[in-house]
Amino acid sequence: SELMALTRKTEEQQFAWPFREPVDTAEVKDYLEIIKDPIDLSTIEKRIRKGDWYKSKQMLYVDLQRMANNCKLYNDSTSPYYECDVRLEKFLSTLFHDIPL
């Protein structure tokens, strides 16, 4: 499907490593206190496979954008995670350039 292809393209990027799996909340104890609606690429993939979550490319984009926003909210602008997020957002803007925002 087109949505899986877009997710895989995102996942393959060098800067996507912090977004591939859920944040380990056993390791990052306060994560869920700050991030109320966590999302990551593996969760997005599972939702695509189920087939009933995303009704459009725009809905996928919203979740990817939420993933980026969560990263910026939790991490300091000097962290490597934040830097990956900046690159992710730039990539998403090219990947989803045809979506009206």
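This is a predicted model: local features need pLDDT of at least 70, side-chain atom pairs count only at pLDDT 80 or more; totals for chains, interfaces and linings use all residues.

Residues are numbered from 1 along each chain as its sequence is written, and side-chain values use heavy atoms, with hydrogens and water left out.

Okay, aromatics. Searching the whole structure turns up four aromatic pairs. One of them is tryptophan 17 with tyrosine 81, a tilted pair at 5.5 Å centre to centre and 50 degrees between the planes. For the cut-offs, rings of Phe, Tyr and Trp (its six-membered ring) pair if their centres lie within 6.5 Å, with planes under 30 degrees apart called stacked, over 60 edge-to-face, and the rest tilted. That pair links distant parts of the chain, 64 residues apart: tryptophan 17 is in the loop between helix H1 (2-12) and helix H2 (31-34), and tyrosine 81 is in helix H5 (residues 80-95). Helices here are DSSP runs (H or I, at least four residues), numbered from the N terminus.

How accessible are tryptophan 17 and tyrosine 81? Tryptophan 17 is at 43% relative accessibility, so it counts as partly exposed, and tyrosine 81, at 36%, is partly exposed too. The scale: buried is under 20% relative accessible area, exposed is over 50%, and partly exposed is in between (1.4 Å probe, protein chains only).

Tyrosine 81 comes back in the largest pocket: 21 residues line that pocket, and Pro18, Pro22, Val23, Tyr31 and Tyr81 lie nearest its centre. A pocket, on a 1 Å grid over the protein atoms alone, is an open set of points where a 1.4 Å probe fits, with protein on both sides within 12 Å along at least five of seven lines; lining residues have an atom within 4 Å of a point. Helix H4 gives the most to the lining, with four residues.

Last, the two residues. Leucine 41 sits in helix H3 (residues 41-50) and is buried, at 0% relative accessibility. Beyond its neighbours within four places in sequence, leucine 41 has contacts (heavy atoms within 4.5 Å) including Ala16, Phe19, Leu64 and Met67. Histidine 97, in the segment after H5, is exposed at 63%.

Conventions:
Helices (H or I, at least four residues) and strands (E, at least two) are DSSP runs, numbered from the N terminus.
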